[in-house]
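Subject: Handing over the structure, with notes

Dear colleague,

I am passing the structure on to you below, together with some notes on what was found in it.

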Amino acid sequence: MATLEICCYGAECALNAEQAGADRIELCAAPPEGGLTPSYGLLQTVISQVTLPVHPIIRPRGGDFCYSETEFRVMKADIALVREMGFPGLVIGLLDAGAHIDLQRMEEVMTLCDGISVTFHRAFDLCHNPYRALEELSGLGVDRILTSGQQECAENGLVLLTALNQWSQAMGGPVIMAGAGVRLSNLQRFVDAGLTEVHSSAGKPVSSPMHYRKAGVSMSALGPADEFTRYVVDEEMVSAMKSMLQ
């Protein structure tokens, strides 16, 4: 039976994902950025209320995964906090300027994470050579790699996902976890390809409860946005995905 990881952007979403049958939660903030490190308040609320394994993402900003020394210090401090709070794992990824795994810094990360699970996130999908990256991450002792097979969505990357999964299983390397556009309608394709873990946001849009809605003003730095709609975990979708995997 494949493991179902749900990406959650809030405490309520994490609680709903657990109730619906998720196996593990990736905890993030800032959906428009693709996931940033959660606040202390979010971390504390989730660790105190959710019994599932929760793996917070360690990502100080959006954009690429080639970090300055100051940004790396922030990441190391966040790793220490997450470990001190008792989370069983975390999600992280660092690349160098040549789009290869930043081995020196990842070695530091693995030392700091001794005793907890490490997932290398979709920075993998921006790396120059996925097979070299897989070999290096295996040598580092990373537990899993979240990847779309270096495509915009994992369904389009299924050929590479299958090859990486077979190679990693043969050498006793990290679990290859498919993510990006994984949903109920295509879930069986990943199972049939032999993947043992899948990652999904399983989200749905919900409308704001606000009655007065100021037009023409956006709080998003990324451009015009709908300030009165947000995505939350769809419990029915999570439950249906879990049932299919069983």
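The notes below go from the whole chain to particular residues.

This is a predicted model, in which local features need pLDDT of at least 70 and side-chain atom pairs count only at pLDDT 80 or more, while totals for chains, interfaces and linings use all residues. Residues are numbered from 1 along each chain as its sequence is written, and side-chain values use heavy atoms, with hydrogens and water left out.

**The chain as a whole**

The protein chain has 8 helices and 10 strands, where helices (H or I, at least four residues) and strands (E, at least two) are DSSP runs numbered from the N terminus. Its radius of gyration is 18 Å, close to the 18 Å that the globule rule gives for 246 residues, so the chain is as compact as a globular protein of that length; the radius is taken over C-alpha atoms, and the rule is 2.2 Å times the number of residues to the power 0.38. Along its principal axes, the C-alpha trace spans about 55 × 45 × 35 Å.

Of the 246 residues, 48% are buried, a word that here means under 20% relative accessible area, with exposed meaning over 50% and partly exposed in between (1.4 Å probe, protein chains only). The chain exposes about 11600 Å², of which carbon and sulfur atoms supply 51%; these areas come from the Shrake-Rupley method with a 1.4 Å probe, and for residues only the protein chains shown count as cover. Among contacts (heavy atoms within 4.5 Å) with a separation of 6 or more, 67% are between residues 24 or more positions apart.

In helix 2, which covers residues 40–49, Leu42, Leu43 and Val46 are buried. Seen down the helix axis, the buried residues fall within an arc of 100°, so they line one face of helix 2; the arc is that of the directions from the helix axis to the C-beta atoms. As a general point, an α-helix has 3.6 residues a turn, so residues three or four places apart point the same way. The buried residues of helix 2 pack against helix 1 (11–20), strand 2 (24–27), strand 3 (54–56) and helix 3 (69–85).

On the surface, Tyr131, Trp167 and Met171 form a nonpolar patch with about 250 Å² of accessible area together. Patches are made of residues with over 30% relative accessible area and no salt bridge, like charges being joined within 9 Å and nonpolar side chains (Val, Leu, Ile, Met, Phe, Trp, Tyr) within 5 Å. Met171 lies in the loop between helix 6 (158–170) and strand 7 (175–179), and is partly exposed, with a relative accessible area of 32%.

**Salt bridges**

A salt bridge is counted when a side-chain nitrogen of Lys or Arg is within 4 Å of a carboxyl oxygen of Asp or Glu, and by this rule there are 12 salt bridges. One of them joins Lys242 and Asp23, whose closest N and O atoms are 2.7 Å apart. Lys242 lies in helix 8 (residues 235–245) and Asp23 in the loop between helix 1 and strand 2, so the pair ties together parts that are 219 residues apart in sequence. Lys242 is buried, with a relative accessible area of 8%, whereas Asp23 is partly exposed, at 25%.

Another salt bridge brings together Glu197 and Arg144 (2.9 Å, N to O). This pair links distant parts of the chain, with Glu197 in strand 8 (residues 197–200) and Arg144 in strand 6 (residues 144–147), 53 residues apart. Glu197 counts as buried at 8% relative accessibility, and Arg144 counts as buried at 9%. Glu5, Arg24, Arg144 and Glu197 are linked in a network of salt bridges.

Arg105 is found in helix 4 (residues 103–112) and is buried, with a relative accessible area of 13%. Its side chain meets that of Asp102 in a salt bridge (4.0 Å, N to O). Not counting residues up to four places away in sequence, Arg105 touches Tyr67, Ser68, Glu69, Phe72 and Leu94.

Pro60 lies in the loop between strand 3 and helix 3 and is partly exposed, with a relative accessible area of 29%. With residues up to four places away in sequence again left out, Pro60 touches Leu36, Thr37, Tyr67, Glu71, Val74 and Met75.
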